[in-house]
Amino acid sequence: MKINYMLLLLLVITALSAKEIGVKETRQLYGNLDQPAFFPTYSVDGTSIHFTGNAYTGLWILDRSNLQLSKITDLQGAGFNPISLSDGSIVFRQDEYIRGRKYTSLLKSDRHGIQRLVDKQRFLSTTNAFDDQIITLVGEDLVLLDGIGGNRVNSLAGISILINDNLSLKTLRDGVLGNLEPLGSGNYIWGVLSPLKDLLVFTKVGQGTYVCDLEGKLITDLGTAHVPQWSPDGHFLVFMKDLDDGHQYTESEIWIASVDGSQTWQITHTPDRIEMYPQWSPAGDHIVYHSHQGEIFETAISITD
Amino acid sequence: MQKIIVFLLLTVVMLNAQITGLAGWNIFLDPGHSQTENMGVCGYSEAEEALRTALNLREILLTQTDIDTVWSSRYNDNVQVDLYERTQDANNRGAAWYHSIHSNAGSPSHNNVLLLWGELYNGTPDPPVGGEAMSDIMIELLSDVMRIPSIGSRGDCSFYSYTGACDASWPGPYLYVNRNTTMPSELSEQGYHSNPLQNQLDMNEEYKRMMAYSMFWTILDNFSIDRPFPGLLAGIITDAETGIRVNGATVQVNGQTYTTDTYESLFNQYSSNPDAFHNGFYFFEELPDSSFEVIITAEDYYSDTLQVAALSPDFVTYLDIALYPDTPPMVLGSNPMEGDTNFVAWFRPQMDFSRTMDTESLEAAFSIEPHMDGTFSFTQGDKRMTFRLADTLEALTDYTITIAGTATDLGGHQLDGNQDGIGGDAWTLNFRTAALDLAPPVVAETYPALGQTGVEVRPVITVAWDEELDPSIISPVLVRLERVSDSQREEITLDHHLVNGQTVMLLHPLNELLGEEEYQIHILPGIRDPLGNSRTNHEYINFTTCNNEYITTSIDDFESDPLNHWWEIQESGSNAGIITELVSRDISTDLVVITEGSSTSLQINYGWDLDASAWLIREHINTGPVMDVLFNANHLMQAYVFGDGNANQFRFCVDDNIGASTGTEVSPWFTIDWLGWRLVTWDMANDGTGTWIGDGNLDGTLRFDSIQLSYTAGNPNIGTYFIDELRIADQVVLALDGDRPQKPQAFALLPNYPNPFNPWTNIPFTLPETAEVRISIYNLKGEEIAQVLSGSMEPGYHVTRWNAAQISSGLYLVRMEANAFSITRKITFLK
């Protein structure tokens, strides 16, 4: 009989360290309907929040301490998959259309200004960062960048996950690119490594969201759990549970689940508000998300034993 | 030799020519919804239709152009894809364009094309721009390909502004596929899957390919790429007489053959009734740039051969074909009938044909001996010819009318006068005129009848005469309505109609009559027939009204394009003993119940086969607001029926036990032995049921099914009924002379009226005792959206009103709470 040792280990850990998540308070950080805000993410140090505008246009920084707002860029596509680095800089995309053809560049903004890292490529995959190193695919070619210096590098230690233009999950282990198909071939639209880099949460179109190990062995079936994100300690996942009518979202709330799926907590209970795209703060004590109307909210949570 | 090789190489290149200009570009197609979501009215879903349109477009783009690639958010009917997954899929792939494919829903009579591009609440196009320009092209092409109207290429925020979205509290775009995509996008709505004819077309595989071609051309036009020669020929084959689309017709063009869909090939997936669905659609592609002979054959129809001189160089070439049944046209009936010896000399001879005739050939073929001048008029879709005499015929004289075999239908098929199945022979009619009329007109019947009591307070008063009147003297001066108690004259609208040679006057009181009050119809001297025989007497018909009125819920008032809700009569497999060619239904604007505010009624023309042993017409309704009108047996079912005096039969039919093991029940037969309008009422609680296919019990929840007609042997077999204001009703006691109405016995929330409504509706209710009353409106999620009434109220019958102007169309719930009593009803708001 096969035993899923990873699941067994998770269950043991969960049993030994059963935790409870409580919701403390929710505050609105931003709301300006002339400049709606979407897809908020925390900076690496957690002091600020980045967000974008309509259709991923532009990028802004919101200081969490005083709610001061500053604009990084108003470029098209900048808000899709931006990456924060430890020095406070941010790497983002620019989409340009030339005779209808789409070209994507990768840029970096820091205190010196904006630097172009990758120029006008026909396909640039979702981008990942690993210890401030940037990993992306240009077509099928792997591009590794030193995020801080902005230079290309030849190799990368450790492991990372990418999604290519055929929506396949790609693993990058010690510089070697491989395929991962936990649910067979198909369209994988979300793939995030756990903080300890031993598990992966992914979403496959039409099938749902799962946790698997790095060999692709399924551990947890989370069902409909969109935009799953790991807690900094790797024990939980935050995600949105949403409903739509084919044209519009009709409902969405923020939930947290333990990695083994045995416990779930509903973080928001607001039938009159549609909350989306939750992200966990680096300290693990806040969840930030946007409303369908383009406001940014942050909910403080407690994790107790 | 070298020239030959170059020629061959060029030929090969030409044959494999790909359209260039899309290299480096890609598109993400998004067939809306999943699996069989958003089911169409005939059982074919929006999700299935959108997927196949998308896959056809994908195949066309990949095989005919140099496009980089084409993705789709789904490739089969099995997967369930959420909105977030669709847009994230496209964004992750870095797609250059996003096109979402949908069809619309709403009224069964609606059908149009709509394009929606991303727009912010302030009217600004959502970045990156491009969707608007693509939509502006596609709206024209998709509308032209489907041959249905468009309602435009619209910014989604502007279009949905009526929902309250996209104001200062909603940044837009309204549609998530426009909102969450990093690339230009738009969403197309290709007709209404709630429209039965459209939904049956959508089932056809090639119809969806044709729609995909319009999107393909849109993309080419958007990039200023010349469209290739399409080589497309398409059309719809219909029955020339009934307009019903023909299943199983075969079309041959240029060596290719296409057979229109049949029950066996397609429709059995959506219905167990072999006659339920038709689309008649055919489609050819890859035809060369040439002229063609098109040969059409179908069982029970004359074959036809048509010519197409040239195909459109850049679009679909349409050739719709009307096929004629392969029996020659015949005379089915006439007035006078063969051998009639008492035909009134000033009546107009009338002939009914089995199909639409060529009127010119018919006039040329007509003769009457002894000769009489006259003109012709044609009605019933040119199936009825009336000879309008220039003078009256001679009294007590033998006449012969002949229609030569040279008369033809529209297809050129000659008349079969002796009905032997072979055209080209004459039809003759021999009759004798009656003695000369020297008598003035006499009132043959009235409604209400003399001395009748219990007459409704909104009656349509009928005065039917024994003969035709001189229409020039019919006016409210000679016919009027008065209240007896104070000789107060009631304002009326007076109209008149000729039915079977008799004038029928209709008096429509403009105001509701008083309850329990005596009224008098006055018929003054001076009314005369066309020969000048004038009446000299003053005639009175007294009647008394009842003290009740009706609270009604409309099933169909026949005002909103009812022909799209009701079947063609021939579609029902329950019919028996009918002459198919004489049976039809239409909309009448001539005969309507003015007192109910009606402007259209349903007209049913019947023709019974005298050789049959059983007779039934079932005019069935299965779409539209009727589906939301659910009721139980504790009500009245009513309709106004305009009788032709032929004393044939009418009844209501309902489906019972809705939501469980549904059955079908009928009312007892009503004998329509009157002329003019009468309100026919079936008291479902007390009148019992008739005999048909049910068990005789009205079980559970009911829904209207059909109007049914039948024939009584010995009566005239050809005629017409008009039906108006089909409804459910409850009788309530009228307040008399300012007194309070009789105290109700129970709490009740009565059906709102009108229903459906826009935007006002009346909500009646009864209280047997003083009560704290609260009436609220809820949406289907159970959220309260309006409070209509709250407070303490006295016992009695009450009506409150609600204005729904601020909400969107749809089904809502009205809930009444009174002391410990509570009840909920469904109501329908249609803008």
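Modeller: Gladly! Keep in mind that this is a predicted model. Let's begin with A804(B), which has 21 other C-beta atoms within 10 Å and is classed as buried.

Biologist: Why is A804(B) called buried?

Modeller: The label requires 20 or more other C-beta atoms within 10 Å. A804(B) has 21, so it is buried.

Biologist: Where does A804(B) lie in chain B?

Modeller: In the loop that links β47 (796–803) to β48 (810–818) of chain B. Leaving out residues up to four places away in sequence, A804(B) touches P759(B) and F829(B). P759(B) is 45 residues away along the chain, yet the two C-alpha atoms are separated by 4.9 Å.

Biologist: Now to chain A. What makes β1 (20–31) and β24 (275–280) of chain A edge strands?

Modeller: The order in this open sheet of four strands is β1-β26-β25-β24 (chain A), with antiparallel pairing. β1 and β24 each have a single partner strand, so one side of each lacks a neighbour in the sheet. From one strand to the next, the twist averages 25 degrees.

Biologist: How do you know that β1(A) pairs with β26 (residues 295–304) of chain A?

Modeller: Pairing takes at least two bridges. Ten bridges join these antiparallel strands, so they count as a pair. Within that pairing, E20(A) stands opposite T304(A).

Biologist: And how many residues of chain B are in contact with chain A?

Modeller: On chain B there are 34, in contact with 34 residues of chain A. Helix α3 (residues 83–93) of chain B supplies the largest share of chain B's side, eight residues. That side divides into 16 nonpolar, eleven polar and seven charged residues.

Key. Residues numbered from 1 in each chain as written. Chains lettered and ligands numbered in written order. Predicted model: local features only at pLDDT ≥ 70, side-chain atom pairs only at ≥ 80, totals over all residues. Contact = placed C-beta atoms within 7 Å. Helix = DSSP H or I, 4+ residues; strand = E, 2+ residues; numbered from the N terminus. Nonpolar A, V, L, I, M, F, W, Y, C, P; charged D, E, K, R; others polar. Buried ≥ 20, exposed ≤ 12 C-beta atoms within 10 Å, placed from the backbone. Axes fitted to C-alpha atoms, helices over the stretch in contact; angles between N-to-C directions.
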